[in-house]
Amino acid sequence: MIEQMKDRLGLAFFTFAAVVSALAAWEQPTALAWLAAWHNAILAAVYARRKPAKSYDRRGLVLGILAALLPLAAPYPAEMPVPVLIIGLLGYGLVLWSLLVLGRSFGIAPADRGLVTQGPYRYIRHPMYLGELILRAALVISSPDPLLAAALLVVLVIIQVIRAIREERIIDTYSTYSSRVRYRLIPGVW
């Protein structure tokens with residue numbers, strides 16, 4: 001009963017995010033705003049079909065919710081220079097590729113729904129977080145309020161680093177995977 005309630009709340013959360021981001025894209029139609037709306041709709045669909053977790057990090061759920069909500073605090077820029085837009089789209093592409101490869105293993109809280117090692121997970125251990133941070137960095141560059149956007153990006157980096165570490169502790173066989181895929185987030189750095 002409690003699991004079903006958590007699943008319904010999670011689905012409601014992602015559905016709400018999809019509706020809010022679609023309304024924002026309707027009001028300020030940019031490529032990235034519409035991608036955000038589609039991304040949130042995909043998240044809702046994937047979340048609805050996710051695998052049950054073998055183990056689950058309740059405290060990590062708060063970090064996951066913050067990471068999902070934090071980007072909503074900064075407005076999408078009305079215009080972006082083409083090179084910055086391309087960087088943002090590449091970040092979004094990495095997020096979507098990672099999400100599609102994760103499929104039913106996706107969740108907002110660190111949980112063990114099986115280790116995914118295909119696609120971008122062959123090269124870095126947390127490609128979805130990297131894509132998100134690339135996108136957010138592009139948005140900071142073009143933001144109408146760059147100080148707010150930069151502050152939110154710093155907070156998001158901290159949250160994603162903590163989430164990555166918590167995920168690695170909870171998933172079975174992660175030590176074998178981390179010995180094959182050396183870097184967590186930034187190839188050659190960390």
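This is a predicted model: local features need pLDDT of at least 70, side-chain atom pairs count only at pLDDT 80 or more; totals for chains, interfaces and linings use all residues.
**View A. Helices α5 and α6 and the contact between them.**
Helix α5 covers residues 127-142 and helix α6 covers residues 146-170. Their axes come within 9 Å and cross at roughly 175°. Because an angle over 145 degrees counts as roughly antiparallel, α5 is roughly antiparallel to α6. On the α5 side, the contact is made by Tyr129, Glu132, Leu133, Arg136, Ala137 and Val140. The residues that they meet in α6 include Pro146, Ala149, Leu153, Val157, Gln160, Arg163 and Glu167. Taken together, the residues of this contact divide into 11 nonpolar, 1 polar and 4 charged.

**View B. Helix α2 and its buried residues.**
Helix α2 is formed by residues 31-48, a run of 18 residues. From the first C-alpha to the last, the helix reaches 26 Å, which is close to the 26 Å expected at 1.5 Å a residue. Its buried residues include Leu32, Ala33, Ala36 and Ala37. Also buried in α2 are His39, Asn40, Leu43, Ala44, Val46 and Tyr47.

**View C. The aromatic pair of Tyr174 and Tyr177.**
A search of the whole structure finds 1 aromatic pair. This pair, formed by Tyr174 and Tyr177, is edge-to-face, with 5.3 Å from centre to centre and 85° between the planes. Both residues belong to helix α7, which comprises residues 174-180. Within that helix, Tyr174 and Tyr177 are 3 residues apart, about one turn of the helix. Both tyrosines, Tyr174 and Tyr177, are buried.

Key: Residues are numbered from 1 along each chain as its sequence is written. Side-chain values use heavy atoms; hydrogens and water are left out. Axes are lines fitted to C-alpha atoms, for helices over the stretch in contact, and angles run from 0 to 180 degrees between N-to-C directions. Helices (H or I, at least four residues) and strands (E, at least two) are DSSP runs, numbered from the N terminus. Angles under 35 degrees count as roughly parallel, over 145 as roughly antiparallel, 65 to 115 as roughly perpendicular and the rest as oblique. Contact means heavy atoms within 4.5 Å. Ala, Val, Leu, Ile, Met, Phe, Trp, Tyr, Cys and Pro count as nonpolar, Asp, Glu, Lys and Arg as charged, and the others, Gly among them, as polar. The expected span of a helix is 1.5 Å times one less than its number of residues. Buried means under 20% relative accessible area, exposed over 50%, partly exposed in between (1.4 Å probe, protein chains only). Rings of Phe, Tyr and Trp (its six-membered ring) pair if their centres lie within 6.5 Å; planes under 30 degrees apart count as stacked, over 60 as edge-to-face and the rest as tilted.
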